[in-house]
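Keep the sequence and the coordinates side by side.

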Amino acid sequence: MAKVGSPEELARIDYSPPKKSWMDIPPEFREGRWCYGSKAKDHAVVGLPNPRAWSPADEDWKLPDNWKEIFLEGMRERLHKYRSFQLFMDICVRCGACADKCHFFIGSGDPKNMPVLRAELLRSIYRGEFTTAGKIMGKLAGGRKLTYDVFKELFYYFFQCTECRRCSLFCPYGIDTAEVTMIGRELLNLLGCNIDWITGPVANCYRTGNHLGIQPHAYHSMLEFFCEEIEEITGILPEPSFNRKGAEILFITPSGDVFADPGTFTAMGYIMLFHYLEGLGLDLTWSTYASEGGNFGFFTSHEMAKRLNAKMYAEAERLGVKFIIGGECGHMWRVCNQYMDTFWEPPKSLETPVSPITGTRFEHAKEHKMIHICEFTADLIKHGKLNLDPSRNDPYRVTFHDSCNTARGMGFFEEPRYVLENIVNHFHEMPESTIREQTFCCGSGSGLNTDEFMDMRMRGALPRANAVQYVHDRHDVNLLSCICAIDRATLTTLTEYWVPDVEVSGVHELLGNALILEGEKKRTMNLRGEEFPWVEEEEEEEVEEAAEEVADEEAAGKAEGEE
Amino acid sequence: MGVWVSFFAVIVLIVIPWVGAQGAGQYLFGIVIPYVAVLVFILGFVYRATKWAKTPVPFKIPTTGGQMKSLPWIKSNPLDNPSNNAGVIARMALEVLAFRSLFRNSKLELREGPKLDYASNKWLWIAALAFHYTFLVVFIRHFRLFMEPVPGFVGLLESVDGFMEVGLPRLMMSSLILLLAALYLFLRRVAVPQLRYISLAADYFPLFLIIGLVSSGILMRYFIRVDITSVKELIMGLVSFRPTVPEGIGVIFFIHLFLLSVLIAYFPFSKLMHAGGVFFSPTRNLPNDNRVKRHINPWNYPVKVHTYSEYEDDFREKMKEVGLPVEKE
């Protein structure tokens, strides 16, 4: 892991730009601010170009001889294919409204992390290589030529953007840096320059169905293990089914939730909810093939996003389900909401999602045939179908982090909040300018959640952490809940570094705590296996009561004897 | 560097008609250049807009700024997250007419602690509104010179605009506000370090050009008077395609007209095209209805995927070991 200074050191941020023009400053790959290069073996699995051993720290990136031609041709092609890209290259007026909206700029002060300048890195090449004025007047017209240094600079800064779209909310023309970064990364990928933390998961996902490379038997046993944990906590052993043909619903969630804490507790929450609903008529299956909700292909290229996304509808069709429920995940839902049914025509065998428990028709998903687990659960709660005891979450004072993608790529704000309202007793919102559509990134999204990038991650995390600190100080908030698998992993690192007393959880973990299963034993611990604080007191009371009873009996016995 | 280059470029643009608009030169500056400029503007604008319009929109990617339309009991935000075209029209109208996104602007402050503060920052929004709207008012006021008879609304606008009744001829507030707003937009560019750092010559040039344009107009109206009847004759000649240059129009008018000609000819090839571009922005002009209505990518193409049967071939034995159902035994 890259060395990261103390929070105090990190928070000393210099926002004053250098004297020299940004075009004259070559990229400097600073420790903790770049990610390891992609590996040849992963390139081979999915057929990414230019497989080789390389490192961004090397002088020579081993690019093909005609790299410039490939890059510029790729750029020309994309200018013709994406109105967004062409337009965003053309219309920026550099008003600067986006500048201090980026978490990476806020945390680093590096002017090339201002969204406007990040885009200008590519825009200057557009002007210098594609427009007449830029070709003739060069720098004066804001144009520059594509050089090796410029190429490296693009790599450095397009892998310092988490595609969170916060800047696009504030732009008067809706210029979306995420679009620019996505296209920029596509261009880098044409020359085989991606990062290991993205191509690794991509290759895994292609082969095994999920980013973490969990093979089917292992996936099966991991979920079985969760069921045993649930049995220990509740006395009830759920029995989820896998790859089952004829089920009504297919459930797809990010593999991060079956792999590492605290995501695993959210996975347990799902399993418990599905078990609870089986008695009410839920007929749902998991899949080991479509065992990934997330899509690191989306951080590589539109094409790779489509290739990895294929499994969702394909598996739904193969199993013959009526619709899909998707788990808690941010970028998964950006892809599912804004890309999936453009990539692929939804299979004819799917139907408009209808909750088998409440009969609610999800008309707003009638074409797309997929609903978010939080809307499914919110609808259940609204109809009074869940037996809940929120007091089991009383040790938690909760706040909620909107993940960028469900916020600005969907507008999914009320559903998770409604669920939370019904399962926790202590809830406090973070300041307005840091939640909902204005939410701040965890600092590690879009495939940048890797250890060697830690300095930049903790810098990017500062605005989110600061808002958490605010509610922690004022309301003793000790739990940061979210609906994103990457968040569950990255916010944990964020709080450890910036706000150590706050833990991180998914919404359905808290639901699992509150949900009263039929025939369950008296719960003494939460899904994390932590004993409720009142258990000891109750036990003490019980012991005291028992002691009193004994004493009473003895006294009674004595009295009897005296009589 | 950009700021000085732009400044001197505009100075040169003032000197050219000053020297050139004499005698026969007045035909060049009064007739030929304005016609060419208008032609370049129209062709350039159409070219740029058609280029955008012809570029496909492969994905429907609105930036959602509020709750989506979902379950009926969840209150949605049709303005910031439109679910249909009516919502999009409303969102675009607010964007174009009221600069709604800019209205959100905040200013970050990092204090000891560290503690981040986000103060509301409406100055840019106010200046931008003032700049664009007064420009519009000034433009409409010029209809007096384009039209005969002068439409009633022009007189009405003038009486509102000149309500302060200061000076003779009466001071039009719009010109003054326009000049101040343009100066503000320039000053913030040089005063705010980050802005100065990102600013290009292309950012200063149109500002100087507009400042020059407005200043020459103000000079002409209040200080270096020109014969307004002759000016109107010239302009009516232009718009009726019977161009003529009457005698005795002061050179200040030709400077004003030349700066305007440069501005409109420059328009389509510059960042000023944001005026047309904003209407094409896919993060603003599309409804968030992907789950209801399938968006078609015109160049969608087949891709290589890893099918279930390939997957099962890879893992069949392991799947059977733990009792996972398989297609082929």
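The largest nonpolar core has 173 residues, and A:Phe71, A:Leu122, A:Phe151, A:Trp498 and B:Phe253 touch the most other members. A nonpolar core here is a set of buried Ala, Val, Leu, Ile, Met, Phe, Trp, Tyr and Cys residues joined through side-chain atoms within 4.5 Å. Buried means under 20% relative accessible area, with a 1.4 Å probe and protein chains only. Helix 10 (residues 201–223) of chain B supplies the largest share of this core, 12 residues. Helices are DSSP runs of H or I with at least four residues, strands are E runs of at least two, and both are numbered from the N terminus.

This is a predicted model: local features need pLDDT of at least 70, side-chain atom pairs count only at pLDDT 80 or more, and totals for chains, interfaces and linings use all residues. Residues are numbered from 1 along each chain as its sequence is written, chains are lettered from A and ligands numbered from 1 in the order in which they are written, and side-chain values use heavy atoms, without hydrogens and water.

Take A:Trp498. Leaving aside neighbours within four places in sequence, its contacts (heavy atoms within 4.5 Å) include A:Pro7, A:Leu10, A:Met458, A:Leu462 and B:Pro114. A second, separate core of 85 residues includes A:Ala247, A:Ile249, A:Phe274 and B:Ile74.

A:Ile249 stands opposite A:Leu284 in strand 3 of chain A. Strand 2 (residues 249–252) and strand 3 (residues 284–286) of chain A run parallel, joined by 3 bridges; strands pair if DSSP finds at least two bridges between them. The open sheet has 5 strands in the order 1-3-2-4-5, with parallel pairing. Its edges are strand 1 (241–242) and strand 5 (370–372) of chain A. Helix 14 (residues 263–278) of chain A packs on the sheet and touches strand 2 and strand 3.

Elsewhere in chain A, strand 6 pairs with strand 7 (residues 479–482) in the parallel sense over 4 bridges. A:His401 has A:Cys482 as its bridge partner in strand 7 of chain A. From strand 6 (residues 398–401), A:Val398 and A:Phe400 point one way, A:Thr399 and A:His401 the other, and all are buried.

Now cross between chains. The axes of helix 4 (residues 83–90) of chain A and helix 2 (residues 25–54) of chain B come within 8 Å and cross at roughly 150°. The two helices are therefore roughly antiparallel, a label for angles over 145 degrees. Among the residues making the contact are A:Arg83, A:Leu87, B:Arg48 and B:Trp52.

How values were computed
Axes are lines fitted to C-alpha atoms, for helices over the stretch in contact, and angles run from 0 to 180 degrees between N-to-C directions. Angles under 35 degrees count as roughly parallel, over 145 as roughly antiparallel, 65 to 115 as roughly perpendicular and the rest as oblique. Buried means under 20% relative accessible area, exposed over 50%, partly exposed in between (1.4 Å probe, protein chains only).
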